[in-house]
Amino acid sequence: MQSGGALLAECLINLGATRAYGVPGESYLALLDALYDRKGQLNFINCRHEGGASFMAAAEGKLTGQPGICLVTRGPGATNASIGVHTAMQDSVPMLLFVGHVATGMKGREAFQELDYRAVFGSMAKWVVEIHDVERLPELVMRAWKTAISGRPGPVVVALPEDMLADSSDAAPLMTPIKMTRPQPDPTAYAELRAMFGWAKKPLVLFGGADWSHDGRKALQSWAEAADIPVLAAFRYQDQYDNHSFTYVGDAGVGMAPYVKALLCDADLILAIGVRFGENVTDGYTALNVPLPHQKLVHVHASEGELGKIYQPDLAVQADSSTFALGLPAITCGGWEEWRADAMEAYERFLDVPVQPSPVDMGKVTDWLQTALPEDAILTNGAGNFATWSSKFFRYGVKQRLLAPQSGAMGYGVPAAVAASLIHPDRTVVCFAGDGDFQMTGLELATALQIGAKPIILLVNNGIYGTIRAHQERHYPTRVSGTDLRNPDFTALAQAMGCYGEKVEDTSGFPDAFSRAAASDCPAVLELVCSPEALTAHKTLSDIRDD
């Protein structure tokens, strides 16, 4: 006989979980007690805020392909964690949020911190379940894990009444990880695809998703290079393809470059693999007509729910992205060499950033990082104009990774960097954070210090909410409202937490400062003094206002 908390812990360990992020709460004390006996098997990462904890779990799901685990208490704990659930859903990454719940005998009375979790999370999670009976705990945890990793991966929310966790049971825990085969493509799809490429004059590959295997990525690149076809990444998934390949021509996402929009609009055949056709990848659903694109569309996705959800494809293939890529038939270049070369030239022009009107020039900083960072570095960012440097102007190699939120959630970057540094302590982890973005979750650096994680935070301090100011100046020029920031001394704040902190006031000082931060053997914050004029890479704040 063991408690429900111990049974849950055993199930998670046997499924493959090794850590859980969270903030402790009285509603799941039985589970916390069970973790006391399982240190080294399932470690509890004590975070400073449930939002940070849920971001860490979402980042782990993206980085590893296995569900990131988050533990929070009822009511406020769950609502604080909702931002990570929403991010995991839009990122299509596996995550399990376990919420301590009121005792079953108190339900329906608006008890202390009581919520209806199906109502709260029903529109932002793949599945929401409440486990009333401790005997069913293994069954429902297995289903939650399977749901999170299958089809289009995503978050699952599991409510755990505190009396259920304390109940005793002799139920057997799950004993082994879940082994699942991924959907296989219908062999006839390849023949149809070959025929479509036979008449295409301007074909384009668009890929997305974080669940690619190394072999799948390699197969897609080899195939595209042999056929000389231009390849675009969906928003913030460019780390899934070698950006140094002559076929890689940029990303389709927020702030879409005009040449990318032209590529999508001018293509006569789009092979979309693993793509969720959201607003960002389609430039507000304008690059492809809804529901019938003027381009021929081949859509490959592991979830049948994504096929034909917005656009009617000419060929819909339910298949795992990597499995599909591994089976791609050889395609002879059909005379589109110039089409690909023009796209590459446009991408190279886009990367040619002018000198920034700022004490610290982020263009030059990014160029330096491009050559200085190890081949397996991990970059993270939250949301803001500063994120363009890591999400658009850094070229990712085969082993480098980008953790960035599809949802555009501010505050994601620091917790994601903490999780990445914990999971891969031997790799360099660099977070790009804006001043407003950092203040959302920056105290998670205290978590990093406690657990031995050592991310380097590049804090871009320009004194404004940059993205909102850009929209404000575009639509309501000179009428500044609510977008200025009076900031703390970030260097002193970092030092007060026990981290390395240094202010960088000119571009020339950055390389040495970064070296000192990397050698500090602790979490580090480099406060980069930037001008609000350097609002975007190609347009200043004044340019936007004048336009």
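User: What share of the contacts in the chain with a separation of 6 or more comes from residues 24 or more positions apart?

Analyst: In this predicted model, residues 24 or more positions apart supply 77% of those contacts. A contact here requires heavy atoms within 4.5 Å.

User: How many helices and strands are there in the chain?

Analyst: The chain contains 21 helices and 20 strands.

User: Why is the chain called as compact as a globular protein of its length?

Analyst: The globule rule gives 24 Å for 547 residues, and the radius of gyration of the chain is 24 Å, close to that value; therefore the chain is as compact as a globular protein of that length. Its C-alpha trace spans about 70 × 60 × 45 Å along the principal axes.

User: How much of the chain is buried, and what makes up its accessible surface?

Analyst: Of the 547 residues, 59% are buried, a term that requires under 20% relative accessible area. The accessible surface is about 20900 Å², and carbon and sulfur atoms account for 51% of that surface.

User: How many positive and negative side chains does the chain have, and how far apart do the centres of the two sets lie?

Analyst: There are 43 positive and 62 negative side chains, with 2 Å between the centres of the two sets.

User: What makes Phe-277 and Tyr-311 an aromatic pair, and of which kind?

Analyst: Ring centres must lie within 6.5 Å, and planes over 60 degrees apart count as edge-to-face. For Phe-277 and Tyr-311 the values are 5.3 Å centre to centre and 80 degrees between the planes, and the pair is edge-to-face.

User: How do you know whether Phe-277 and Tyr-311 are buried or exposed?

Analyst: The limit for buried is under 20% relative accessible area. Phe-277 has 7% relative accessibility and therefore counts as buried. Tyr-311, at 2%, counts as buried as well.

User: How many aromatic pairs does the rule give, and which residues form one aromatic cluster?

Analyst: The count is 18 aromatic pairs. One aromatic cluster is formed by Phe-207, Trp-212, Tyr-241, Tyr-248 and Tyr-347.

User: Where is Met-95 placed, and is Met-95 buried or exposed?

Analyst: Met-95 is in strand S5 (residues 95–101). Its relative accessibility is 0%, so Met-95 counts as buried. Met-95 and Gly-154 are 59 residues apart in sequence, while their C-alpha atoms are 6.2 Å apart in space.

User: What places Met-256 among the buried or the exposed residues, and which residues is Met-256 in contact with beyond its neighbours within four places in sequence?

Analyst: Met-256 has a relative accessible area of 13% and is therefore buried. Its position is in the loop between strand S11 (248–252) and helix H10 (258–266). Beyond those sequence neighbours, Met-256 is in contact with Lys-261, Leu-264, Asn-280, Val-281, Thr-282 and Asp-283. From Met-256 to Ser-520 there are 264 residues in sequence and 38 Å in space, C-alpha to C-alpha.

User: What is the phi of Asp-228, and is Asp-228 buried or exposed?

Analyst: Asp-228, a residue other than glycine, has a positive phi near 60 degrees. Asp-228 sits in the loop between helix H9 (214–227) and strand S10 (231–234). At 11% relative accessibility, Asp-228 counts as buried.

User: What is the form of the peptide bond from Val-290 to Pro-291, cis or trans?

Analyst: Omega is near 0 degrees, and the bond from Val-290 to Pro-291 is cis. Pro-291 lies in the loop between S12 and S13.

Key. Residues numbered from 1 in each chain as written. Heavy atoms only, no water. Phe/Tyr/Trp six-rings, centres within 6.5 Å; stacked < 30°, edge-to-face > 60°. Buried < 20%, exposed > 50% of the residue type's maximum accessible area, 1.4 Å probe, protein only. Helix = DSSP H or I, 4+ residues; strand = E, 2+ residues; numbered from the N terminus. Rg over C-alpha atoms; globule rule 2.2 N^0.38 Å. Areas by Shrake-Rupley, 256 points an atom, 1.4 Å probe, with all protein chains shown as cover. Lys, Arg positive; Asp, Glu negative; His and termini not counted. Charge placed at Lys NZ, Arg CZ, Asp CG, Glu CD.
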